Amino acid sequence: MKKYTAILVTLLCLLILTGCRGDSALDQMGDTLGLSVAEGTVKSGVDTHSGTQGDGCSFTEVRFSDDSLQQEIEQQDDWQTIPLSDTLTALVYGTGSRDDSIGPYLTDKDGNCLFPEITHGYYWFKDRQAESRDGEDSPELLERASLNVTMAMYDIDTRTLYYCELDT
């Protein structure tokens, strides 16, 4: 009887663990962006989300061997051609002089910009905050007490996709 109980408990544990297994980071990124990113190679990634509130920042860099992702992006209506708007420039890179600077908000643990300067490419942005009017950028975005945003940029020159989720 103990033998059957042990087998049953083991099987239940396996079922529970299998059911709790989540999608990969690439799968989740692809679902969010509506793109096929599974063929990419993750070059770097960090995720500081933790705690009961789930606050933190995740950032992933994915490289591609051909132009297929660029072609897919060009078929999407919600991807925009770089340059970024003033609000998104402040969010990603920061603006202003030392006395009146704003941002950047999407930074690593040392306060450095996560995104490299990109001159040829596309960007995708989603404001996930409840106060968001339409999910797009607006000047009020940077005046809130908290930010819940998703930002992606694709660099044509290096065939690299950068993806960031910030939750504060």
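In the predicted model, E61 is buried, its relative accessible area of 12% falling under the 20% cut-off. This residue belongs to strand β2, which spans residues 56–63, and its side chain makes a polar contact of 2.9 Å with the side chain of R63. When neighbours within four places in sequence are set aside, the residues in contact with E61 are T41, V42, K43 and S44, together with T160, L161 and Y162.

Strand β6, which comprises residues 160–167, is largely enclosed by the rest of the structure, because seven of its eight residues are buried. Strands β2 and β6 run antiparallel and are joined by eight bridges, with T60 standing opposite Y163 of β6. Strand β5, formed by residues 148–155, is likewise antiparallel to β6 and is joined to it by eight bridges; within this pairing, T150 has E165 as its bridge partner. Four residues lie between the strands in the hairpin of β5 and β6, where R159 adopts a positive phi near 55°.

Helix α2, covering residues 25–33, has L26, M29, G30 and L33 as its buried residues. Viewed down the axis of α2, these buried residues fall within an arc of 100°, and they therefore line one face of the helix. Such an arrangement can be related to helical geometry, since an α-helix has 3.6 residues a turn and residues three or four places apart consequently point the same way. Just after α2, a positive phi of about 70° is found at G34.

Note on methods. Residues are numbered from 1 along each chain as its sequence is written. This is a predicted model: local features need pLDDT of at least 70, side-chain atom pairs count only at pLDDT 80 or more; totals for chains, interfaces and linings use all residues. Side-chain values use heavy atoms; hydrogens and water are left out. Helices (H or I, at least four residues) and strands (E, at least two) are DSSP runs, numbered from the N terminus. Buried means under 20% relative accessible area, exposed over 50%, partly exposed in between (1.4 Å probe, protein chains only). A polar contact is a pair of N or O atoms within 3.5 Å; within protein, one must be able to donate a hydrogen and the other to accept it, and residues adjacent in sequence count only if both atoms are side-chain atoms. Contact means heavy atoms within 4.5 Å. The arc is that of the directions from the helix axis to the C-beta atoms. Two strands pair if DSSP finds at least two bridges between them.
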